[in-house]
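Reader: Take me through this model feature by feature. Give me the cut-offs as we go.

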Amino acid sequence: MVALALFQPEIPSNTGALMRLSACLSIPLHIIGPTGFVMTDRALRRAGMDYRDSAKTQQHPDFEAFEAAVAWERSRFILMTTQAPTVFTDHVFAPSDIIVMGRETAGAPDWLHQRADARLSIPMQAGQRSLNLALAASMAVGEALRQTGGFPDPLASGHE
């Protein structure tokens with residue numbers, strides 16, 4: 001199943017919003033530390049609302065611990081970055097892919113760019129720096145789930 005990983009997130013409201021995405025779309029969310037906030041932060045609770053408890057969240061103290069935790073899955077690390085020539089909609093996603101998002105203020109370090117199996121970007125209007133992290137992650141996850149047929153069955157959840 002497609003998963004999402006946040007590398008050293010700094011803004012609790014983004015992490016909270018992505019916890020909600022995890023709960024609603026039933027995807028794993030890996031939070032790779034250290035984070036720029038305390039995970040019990042009030043803003044995190046507000047953004048995550050009552051979805052926080054049903055999110056499939058795993059916290060890892062650092063990238064090495066994260067990598068060890070997912071090693072058995074044989075996942076590809078798909079890094080979303082403004083520095084990639086490949087557009088995310090041109091990439092062929094696999095169900096075991098983990099979409100990795102860098103820090104809100106600094107992006108991903110060079111070693112993480114090198115570690116990535118693919119680096120993807122979202123095309124934007126010239127002169128704009130970047131999208132909000134939670135929005136960009138949602139777009140990438142949505143495309144990956146569309147391609148892999150990974151969206152939850154709305155009839156199974158009682159929604160039509």
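Reader: How many salt bridges does a search of the whole structure find?

Author: Side chains of opposite charge can pair when their charged atoms come close. Here the search finds four salt bridges (a side-chain nitrogen of Lys or Arg within 4 Å of a carboxyl oxygen of Asp or Glu). One of them joins Arg115 to Glu67, with the closest N and O atoms 2.6 Å apart. Arg115 lies in helix H4 (residues 110–115) and Glu67 in helix H3 (residues 63–70), so the pair ties together parts 48 residues apart in sequence. Helices (H or I, at least four residues) and strands (E, at least two) are DSSP runs, numbered from the N terminus.

Reader: What are those values based on?

Author: The model is predicted: local features need pLDDT of at least 70, side-chain atom pairs count only at pLDDT 80 or more, and totals for chains, interfaces and linings use all residues. Residues are numbered from 1 along each chain as its sequence is written, and side-chain values use heavy atoms, leaving out hydrogens and water.

Reader: In what order do the strands of the open sheet run?

Author: Two strands pair if DSSP finds at least two bridges between them. Seven strands give the order S3-S2-S1-S6-S4-S7-S5, with parallel pairing. The edge strands, S3 (56–60) and S5 (86–87), each pair on one side only.

Reader: Which residue in S6 is the bridge partner of Ala5?

Author: Val100 is that partner. Four bridges join S1 (residues 3–7) to S6 (residues 98–101), and the two strands run parallel.
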